[in-house]
Amino acid sequence: MTDSKKPHFGQTFQFSAAPAIQGRPHFGFRAGYATAPRMDSVPGPLPDDAQACNTQGNNFLLAHRPEDAIRAYDHAIALSPDYVDPHFNRGNALLRLLRHEDALASFERAIALSPRLALAHYNRAAVLQGLNRMQEAAEGYRAVLEIEPQHAQARFNGGCIFLAQKQFEEAVECMDLVIAHAPQMPEAHNNKGIALLKLGKLRDAITCFSQALALRPQYAEAYTNRGNARIQLGHYPEALEDLGRAIQLQPHGAESRHLLGKLLSLTNRHEEAVQQLQWAHRQSPGLPALYGDLMGAKAACCSWQGMDHDVQQALHAVAEHGHAVEPFTLLGLADAPLRHKEAACTFVKEMLPASSALGSCMPREPGGKIRVGYFSADFRNHAVAYLIAELFEVHDRGRFEWFAFSVGPDAQDEMRQRVAAAFDHFIDVRERSDIDIARLSRELGIDIAVDLTGFTRHNRFGCFSFRCAPVQVSYLGYPGTTGADYMDYVIADKFVIPPPAQAHFTEKVVYLPHSYQVNDSQRKVSGRAFTRGEAGLPPDGFVFCCFNNNYKIMPSTFDGWMRILLAVEGSVLWLLEDNPAAARNLRREAQARGISAERLVFAPRMPMDEHLARHRLADLFLDTLPYNAHTTASDALWAGLPLLTCMGESFASRVAASLLCAVGLPELVTHTQAEFEARAIDLARDGVQLRGIRDRLHEQAPRSPLFDARRFARHIEAAYATMYERSCQGLPPDVIEVE
């Protein structure tokens, strides 16, 4: 019989934002328990009565002498092998000594002697959970619930296993049952919120975290989790308040500091972000993606101290299959396509593995229009929309039916309205969970699902893990492999992915005949004639420029730029003013390389048509490596500004070369840093040559393949048709070349 007065030495339900899913064993005693007496330091002889010996063992355990307790329980078992209590209590003593496998054997013996002993089933399951033997642990908790259906802790721990195994809908159901039996348990509300957060049900998750906080106002983990959900919703002031409260309650909480750093980066407060991320890294260097987020924040404000060492460390961690760097961040840090693939594969395996929750996704019966769905977070004033808007408008409506699934902010701006009007169906799904988005896509009969976001901001890449369509395609927004075996194709050209580089992609490559990048030939360039004085540029001298985001400026790129400025007397470098910290740091770095800070001029952001117009003040656009100008390269070429690039090995480092060749200026593609610098200096000194290139660009650009959206539409539609036909025939994805 279980003693109702026995003490409970188990821990309470404490789970963090990323719950450390550990079982919580009951350290209860079985029978013969009395108040612990004063114990001699040297134990005397043990009683010859099994029950008395079990009691002696309990007293030893209460006195924190687990070795003596085990000796007593062993003696009790020797006296009465079928006496269940010392077997159970012996398991608890072994747990105190961290002898988990031996403890398991004791609990299993207790279960063999008393199959309906729920405590033994529970402790066995909890130990298995702590050993990461999740399937066996889940079976153990089910056994507990068969005996005691109201056992909230067993049901709770079972729900935690669902969380650990990324079975988030099952976790929600389980936590709902816990809450039904124990509504005052804040941890159940918190963990339900975590599952909903993973499912993309952000508002429901916030409700759960708020309920947890109503029950426990000092619950730091719930503040951290609610802050995370609010970040994802774009509710930055509220998220900042939540994370500040979490840090106030748990000053050493690395997860809340990590999230705060990410939030500060999102709000362009990069220097503050670096401080928070450095603090988190000192506390918990193994947090997933923390190291990469720290490097990303440092890159955004051009804080390069130790950057080369950090990049090498990150590449080593990625090679060891560690989740040290988010895939998108790594693209800008290193020209290493193999590591890009490894980082993406690791990320997807850990965070977004394929799910069979909706079953297989079979092709529809052939006939009727091919239904193509574009999924994007960027149907708004955003670089992706600036490039692709005209394609949506000129797509073939006779053979295809076009759907847009908007997963990003509901920004009712000019581009959002233009894009929405271009589709047969425009569906805002940002409030839906990943699985619900996939379910809706299937219900609508989408044949080809095209992701335009990848791992960039506001993405909902997880919906593809459930299969939105029989064919799934990565295009435009993410210049690299997704590493996901459920993405069938990536759309490219032979510049960005030459045939030998297919090995660095998990998707099959679709080759378009010119550039993979679509462009909008309807983009307006303001008629405003800027003066050098208005732009802060000197009245004379050669103007090099680069309007790429500051995070793309790596130390090696900047070194080359400064050598170019040294060689071209009176020249200046005109850069985008992304954030004040970057401008300050870049000026300091220039001075350290012998260049006056005044030779760096920073351009504030302005409306797109005026930004394009001010390109006319520059003489030559200097590209970055390893992450090239992409949309910014098209901006320059459309505005009539020649661009010089150095082509690397990765997709992200070869985009500008693709664009230059498509516009008919292959001579502006270089292959080494030395060639890049020499070519820039030569062009700056040879005005006739540069004017000739500018004139050719002015003549060729409007009629080039790069800016012919209708021609591009026919090519990508041919690719879609081939994908669809292969799918209907039951053929696997394969390389496709569009002529």
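Which residues is tyrosine 374 in contact with, leaving aside its neighbours within four places in sequence? I looked this up and recorded Phe379, Leu391, Phe392, His395, Trp402, Phe403, Ala404, Phe405, Phe423, Val450, Leu452 and Tyr720. Contact here means heavy atoms within 4.5 Å.

**Basis of the entries**

I am working with a predicted model, in which local features need pLDDT of at least 70 and side-chain atom pairs count only at pLDDT 80 or more, while totals for chains, interfaces and linings use all residues. Residues are numbered from 1 along each chain as its sequence is written, and side-chain values use heavy atoms, with hydrogens and water left out.

**Overall figures**

I noted 30 helices and 14 strands in the protein; these are DSSP runs numbered from the N terminus, helices being H or I with at least four residues and strands E with at least two. The C-alpha trace spans about 110 × 65 × 45 Å along its principal axes. Of the 739 residues, 59% are buried, where buried means under 20% relative accessible area, exposed over 50%, and partly exposed in between (1.4 Å probe, protein chains only). Among contacts between residues at least 6 apart in sequence, 67% join residues at least 24 apart.

**Nonpolar cores**

I then turned to the largest nonpolar core, which has 138 residues. A core of this kind is a set of buried Ala, Val, Leu, Ile, Met, Phe, Trp, Tyr and Cys residues joined through side-chain atoms within 4.5 Å. The residues with the most contacts inside the largest core are Tyr374, Tyr475, Phe544, Trp574 and Tyr720. Helix α19 (residues 383-394) gives this core its largest share, nine residues. Apart from it I found another core, of 37 residues, among them Ile70, Leu95, Val127 and Ala137.

**Helix α19**

Why is α19 largely enclosed by the rest of the structure? I recorded that it is so because 10 of its 12 residues are buried. Those buried residues are Val384, Ala385, Tyr386, Leu387, Ile388, Ala389, Glu390, Leu391, Phe392 and Val394. Their cover includes β1 (370-376), α20, α25, α26 (631-638) and α30 (709-728).

**Second largest pocket**

I noted about 360 Å³ of space in the second largest pocket. The lining consists of Asn381, Tyr386, Glu414, Met415, Arg418, Asp520, Gln522, Arg523, Lys524, Met608, Asp609 and Leu612. On a 1 Å grid over the protein atoms alone, a pocket is an open set of points where a 1.4 Å probe fits, with protein on both sides within 12 Å along at least five of seven lines; lining residues have an atom within 4 Å of a point. Helices α20 (414-422) and α25 are the elements that give two or more residues to this lining.

**Single residues**

Is histidine 615 buried or exposed? I list histidine 615 as buried, because its relative accessibility is 1%. It sits in the loop between α25 (608-614) and β11 (620-622). Beyond its neighbours within four places in sequence, histidine 615 is in contact with Phe547, Asp635, Ala636, Ala639 and Leu641.

Glutamine 502 is in the loop between β6 (489-492) and β7 (508-511), and I list it as partly exposed, at 26% relative accessibility. Outside four places in sequence, glutamine 502 is in contact with Ile497, Val509, Tyr511 and Val735. Its C-alpha atom is separated by 9.3 Å from that of valine 735, 233 residues apart along the chain.

Notes
Points joined across faces, edges and corners; volume = space filled by probe spheres on them.
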